[in-house]
Amino acid sequence: MSALTAFKNLVHQRCGLHLEGLAEARLDRAVASLQATTRLTDTTQLLTHLTSDPALFDHFVSQLTVNETYFYREPDALNWLVNTYLPERLAAGAAALSIFSAGCSSGEEPYSVAMLLAERFGEHAKALFTIAGGDVDQQILAKARQGLYSGMAFRALPPTLKERYFSPDGQYFKVNESLRQWVSFRTLNLLDTDESSVGGPFDVILFRNVSIYFDEQTRRRIQQTLRQLLAPNGILLCGITETLGNDLGVFELVHAQEIFYFQPREQATERADDQPPPPLAALATGSDAESDIKNDIKNDKHVASFTARTGVPPATLAEKQSEKQVEEQPEEQLEEQPERATAEGFSQQLLNAHQLLNQNAFADAAALLHSLLEQRPWSIDALVLAGLVARWQQQPQLAYDYFKRAIYTAPECWPAHFYLAELYRQGELADEPAQRQRGYAAVVRLLAAAPTASGGLDTIEPPLPPGDARFLAERYLAAVNTMPVSPSTTQGVG
Ligand SMILES: C[S@@+](CC[C@H](N)C(=O)[O-])C[C@H]1O[C@@H](n2cnc3c(N)ncnc32)[C@H](O)[C@@H]1O
């Protein structure tokens, strides 16, 4: 048994995390950091320390969890919960209802529920609902309690809600005190929990985007626990891509108004619309993503619409050439063309645009990127940023055009492949399973060949770390077989 296997087994046994494949790289780093902290290299001694020192173990686990989350994620389910399910439960006589986010990460999910409830029920909301979140990761729970967030966390939240429930705090935004006091956070290990340790029973348990990190046996075990934590008539909501993977016989899968949820078997039929779940996504394998995209662009399928939407004509190879020549001109000549940024100036502008994006100043970011793309229509950094800005401005078709152009220019641009696939997965564009899969497959292939590749970006950092992108792409590819099709389902921008 390798040294790594012993740590893997310990984490799997205690927290359920399945640390295979790409997650092994995280484990490697966590073990190296453990060795540095303890100044020990012997595996047996390290394991003894880990198992006898809870703080050390917590710190170790913090490095292994994936905490990706954001406000208003998968909003269809949240809106259904707040505007349909909970009002119906109240109308049926419930006096007060409790909601629990199991695997809440930094708190965006329970705070999103709190905001929506406050919107719907006003000053009565706090009397009607208790909201709590739990997570195994102590460091992320501290962040949730603090309630301080940066721009990325707000990428899917309607700006009016951000304005109403957050106030600027330096570079960050702080959740308002009323919400912070309302939502409570607690330690939760889904593999080692009972009502007395987490509170409950709960009327609603959100278990979204957590189960993908567990194998089937562990998921089944966790479901038994969650069933014990559910109040009579309670429901369990999983993430969209996880739902059928959690249909393991412990709960009954119910489909109502395009939302899937679970109920303990005996109560399952009472609320459903009696609609059978829609068929599984039709799987199609296709040709290589990059060559398809190149062909599309060569055939001018997207060029006209790109130009119409952006006002930026696609550059010809001749223009590319002249752009390169400008870069090679001596400085005096560049000074004669003040409208052309120097290479350094251009990079700085890209960094400014990235910063504007992170501050959610989308209109300013879009204007700056527009001018940068006029100067260099083939800048990968500018195209990827422009795609993200368009996405956050709810212009998915425009985002699609930018990402496609980035891939055309640099087929190795894994961020563009990733976000293109996300446009489909998250329902911002009508789903095309084959295209979505090709996008994720390209990410996996590119990052398997070069795990820390920049994806052709030469100035900005990739918008998400390459390790996370590959990890998520692998998961989404694996989840394809178990994903219910819900044509009207839209999710937040991820
Ligand atoms: C990707 S986040 C999901 C956050 C949120 N539910 C959402 O949908 O955006 C997954 C969270 O599950 C937590 N987690 C992993 N294993 C856990 C366990 N055994 N018990 C409780 N939480 C766990 C991780 O620490 C991480 O914060």
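This is a short tour of a predicted model, stop by stop, for you to follow in your viewer.

Some ground rules before you click: local features need pLDDT of at least 70 and side-chain atom pairs count only at pLDDT 80 or more, while totals for chains, interfaces and linings use all residues. Residues are numbered from 1 along each chain as its sequence is written, and side-chain values use heavy atoms, with hydrogens and water left out.

**The whole chain**

Start with the protein chain in cartoon view: it has 23 helices and ten strands (DSSP runs numbered from the N terminus, H or I of at least four residues for helices, E of at least two for strands). Of its 494 residues, 54% count as buried (under 20% relative accessible area with a 1.4 Å probe, protein chains only; exposed is over 50%, partly exposed in between).

**The largest nonpolar core**

Next, select Phe 7, Phe 60, Leu 190, Phe 207 and Phe 418, which touch the most other members of the 99-residue largest nonpolar core. Such a core is a set of buried Ala, Val, Leu, Ile, Met, Phe, Trp, Tyr and Cys residues joined through side-chain atoms within 4.5 Å. Helix H19 (residues 380–392) gives the most to this core, with ten residues.

Now zoom in on Phe 7. Leaving aside neighbours within four places in sequence, its contacts (heavy atoms within 4.5 Å) include Leu 27, Val 31, Thr 43 and Phe 60.

**H18 against H19**

Show side chains: Phe 362, Ala 365, Ala 366, Leu 369 and Leu 373 in H18 meet Ala 382, Leu 383, Leu 385, Ala 386, Val 389 and Trp 392 in H19.

**H21 against H23**

Finally, select helix H21 (residues 414–425) and helix H23 (residues 466–479), whose axes come within 11 Å and cross at roughly 40°. H21 and H23 are therefore oblique to each other. The contact is made by Trp 414, Phe 418, Glu 422 and Arg 425 of H21 and Pro 466, Ala 469, Leu 472, Ala 473 and Tyr 476 of H23.

Notes: Axes are lines fitted to C-alpha atoms, for helices over the stretch in contact, and angles run from 0 to 180 degrees between N-to-C directions. Angles under 35 degrees count as roughly parallel, over 145 as roughly antiparallel, 65 to 115 as roughly perpendicular and the rest as oblique.
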